[in-house]
Amino acid sequence: MPVLFRNEFRSPLPRINEALVQRTAELLLVMTGIPDAELSLLLAGDKQIAELNSSWRGKNTPTNVLAFSMTEGPDSAMAFNLLGDIVISVETAAREAEYEGLSLHSRLQVLLVHGFLHLIGYDHEKSGSEAVRMHNKERELLQELTKKRREKMIKLAVNVDHVATLREARGTNEPDPVLAAGICELAGAEGIVVHLREDRRHIQDRDVRLLRQTVKTKLNLEMGATDEIIKFAMDIHPDMVTLVPEKRKELTTEGGLNVAGQKKKLKMVIAQLYDAGIPVSLFIDPDSRQIGAANDVGATFVEIHTGRYSDAAGEKERDREYELIAAAAEEAYEAGMRVNAGHGLNYFNTARIASLETIEELSIGHAIMARAIMVGLDQAVREMLGLMI
Ligand code: PXP
């Protein structure tokens, strides 16, 4: 493992997108031509970094980043591809980010690049010309990182609710959403989503229990934050939960959750699920106030509601909604949350949303099931994946 990453700053806030930080470190190894080299990266608090600063540099104060290179001197470990250790104080980084008007993750990235360059032999303290050389390299790497923010393909999670809708229309036992989920996974879906509604209009408890046993990728349980369903989720233990607003009379989920209006309750529910090892996503409109609230209540993910974009009457309105989604996804990503999106996406409007580099997964149901009736489920999933490159 080229990057040995540890987060010892065990505090829910500020939230750290650990996968993002680790990936940045891995990218730095690739970008500088040493993909097989190894480094250790530790996120710490001020107290811990002050202790290290005191032991190793005789300075009894916190600092933002420390780099302990193993590539220099007679005991150089470069022969074994070991670069050394980088330690970053999240608390100092957060203060600096606020001062500079940056997101925490942007600041962490700058500090990581700085520490990394020290590990590979750059040293701004050596001389003026060396300081300029290091500064230029820092800028070059940061620019390249921005371009590489997402090179991995966006993931597709298929919502199989409407397989159950068809079954419930006849009150029989087919078609089975459990079987459908398996076909979706074989066709390349990387997640299965089901919405267990309070009125059990489509997905039943039995479906979720079986899916828990059969889904090989990731089971995302969509649900309202009611006591009964929360208890069920804790019992089933899906890979993640997406909290949505639920109204009895709606045909499908209508708007996003009003997180800002129920912060206290959601904070409690998220903590309860998080303690049980279930990360939570909040389904929200592309609205800065809701993003800020989702961050405040400790959501691991947000799912940006793409319904208004999908239902837009004309190009102008669609462009406006797209811009709102792009800005909201950027804001949530920069705040350290993981970003999904979905609702109303189909074979015509998905590619544009899939090209947003901050979104990691799309949740799509109705369009895929509608197409599956015509061409088969396997082909419908593969065609959708083909649009998400
Ligand atoms: N995401 C959420 C939170 C939803 O409620 C739904 C609908 O169940 C979807 C995504 C999928 O929407 P669609 O069926 O329109 O693709």
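Predicted model: local features only at pLDDT ≥ 70, side-chain atom pairs only at ≥ 80, totals over all residues.
In which loop is arginine 200 found? Arginine 200 sits in the loop between strand E6 (191-195) and helix H8 (205-214).

**Loop residues**

The phi angle of arginine 200 is near 50°, which is a positive value in a residue other than glycine. Is arginine 200 buried or exposed? Its relative accessible area is 17%. Buried means under 20%, so arginine 200 is buried.

Histidine 343 also has a positive phi, near 110°, and is likewise a residue other than glycine. This histidine belongs to the loop between strand E11 (338-342) and helix H14 (350-354). Histidine 343 has a relative accessibility of 23% and therefore counts as partly exposed, since that class lies between the 20% limit for buried and the 50% limit for exposed.

The table sets out the two residues.

| Residue | Phi | Relative accessibility |
|---|---|---|
| Arginine 200 | near 50° | 17% |
| Histidine 343 | near 110° | 23% |

Another loop contains a cis peptide bond. Which residues does this bond link? The bond runs from glutamate 174 to proline 175, and its omega is near 0°. Proline 175 lies between helix H6 (161-170) and helix H7 (177-187).

**Helices H4 and H5**

Helix H4 (residues 104-119) packs against helix H5 (residues 128-147) with the axes 10 Å apart and at an angle of about 130°. Angles of 65 to 115 degrees count as roughly perpendicular and those over 145 as roughly antiparallel, so H4 and H5 are oblique to each other. The crossing of H4 with H5 is right-handed. On the H4 side, the contact involves Gln109, Val110, Val113, His114, Leu117 and His118. These meet Met134, Lys137, Glu138, Leu141, Leu142 and Leu145 of H5. Sorted by class, the contact has seven nonpolar, three polar and two charged residues.

**Helices H9 and H10**

How are the axes of H9 and H10 placed? The axes of helix H9 (residues 227-236) and helix H10 (residues 263-275) come within 10 Å and cross at roughly 20°. An angle under 35 degrees counts as roughly parallel, and H9 and H10 are therefore roughly parallel to each other. Their crossing is right-handed. H9 contributes Ile230, Ala233 and Met234 to the contact, while H10 contributes Val269, Gln272 and Leu273. Five of the residues in the contact of H9 with H10 are nonpolar, one is polar and none is charged.

Notes
Residues numbered from 1 in each chain as written. Heavy atoms only, no water. Axes fitted to C-alpha atoms, helices over the stretch in contact; angles between N-to-C directions. Helix = DSSP H or I, 4+ residues; strand = E, 2+ residues; numbered from the N terminus. Left-handed = near helix turned anticlockwise from the far one by under 90°. Contact = heavy atoms within 4.5 Å. Nonpolar A, V, L, I, M, F, W, Y, C, P; charged D, E, K, R; others polar. Buried < 20%, exposed > 50% of the residue type's maximum accessible area, 1.4 Å probe, protein only.
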